[in-house]
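Trainee: I am new to this structure. Please show me how to read it.

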Amino acid sequence: MRNYQRQKNNPYKLPHNLYMRMLYLVRDYERIRSEREDILAASPAPDGIPHSGTGNPTEQKAIKLAELGDNCTAIEKALATVPVEYRKGVWNNICYQSPYPTDAGEATYKRWRCRFIYEVAKKLHEI
């Protein structure tokens, strides 16, 4: 029940498949960010070597970089909507499945977790 989404009186309820997709996207944030940095730091392919097929590696890298950048930006902007005092607890609960801190009620953290995932979906134009 760790990935439970409240069903009644929840204005931020998402369809189950979309909710799970956004949840796993947030959990994958560190890999996405590092892959994006690797693409930016990668050196171009050596020139002067005959290529066996057609393709445009620069265009493919640009498309991949834009997609990863959109995902990173959406997650970062959605996290900025969560109040500062709840960010770390919500983030650690989603990414590392750690229990919520005891500085606020569990219902408060669950509410902000739900809003955060809803905002990620909204920023990615999924809803």
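**Reading the fold**

Mentor: In the protein, 65% of the contacts with a separation of 6 or more are between residues 24 or more positions apart. Contact means heavy atoms within 4.5 Å. This is a predicted model, in which local features need pLDDT of at least 70 and side-chain atom pairs count only at pLDDT 80 or more, while totals for chains, interfaces and linings use all residues. Residues are numbered from 1 along each chain as its sequence is written, and side-chain values use heavy atoms, with hydrogens and water left out.

Trainee: How many helices and strands does the protein have?

Mentor: Helices (H or I, at least four residues) and strands (E, at least two) are DSSP runs, numbered from the N terminus. Here there are five helices and zero strands, and the pattern along the sequence is α-α-α-α-α.

Trainee: What share of the residues counts as buried?

Mentor: Buried means under 20% relative accessible area, exposed over 50%, and partly exposed in between (1.4 Å probe, protein chains only). Of the 127 residues of the protein, 34% are buried.

Trainee: Is Asn10 buried or exposed?

Mentor: Asn10 counts as buried because its relative accessibility is 14%. Its place is in the segment before H1. A polar atom of the Asn10 side chain lies 2.9 Å from the backbone oxygen of Arg6. Leaving aside neighbours within four places in sequence, Asn10 is in contact with Gln5 and Cys114.

Trainee: And where does Arg36 lie?

Mentor: Arg36 is in helix H2, which spans residues 29-41. With a relative accessible area of 31%, Arg36 is partly exposed. Beyond its neighbours within four places in sequence, Arg36 is in contact with Leu65, Leu68, Gly69 and Cys72. Arg36 and Ala66 are 30 residues apart in sequence, and their C-alpha atoms are 9.0 Å apart in space.

Trainee: At what angle do helices H1 and H4 pack?

Mentor: Axes are lines fitted to C-alpha atoms, for helices over the stretch in contact, and angles run from 0 to 180 degrees between N-to-C directions. Helix H1 (residues 16-27) and helix H4 (residues 84-96) pack at about 100°, with axes 8 Å apart. H1 is therefore roughly perpendicular to H4. Angles under 35 degrees count as roughly parallel, over 145 as roughly antiparallel, 65 to 115 as roughly perpendicular and the rest as oblique.

Trainee: Which residues make the contact?

Mentor: H1 contributes Leu23, Val26 and Arg27, and H4 contributes Trp91, Ile94 and Cys95.

How values were computed: Polar contact = N/O pair within 3.5 Å; in protein donor to acceptor, adjacent residues only side chain to side chain.
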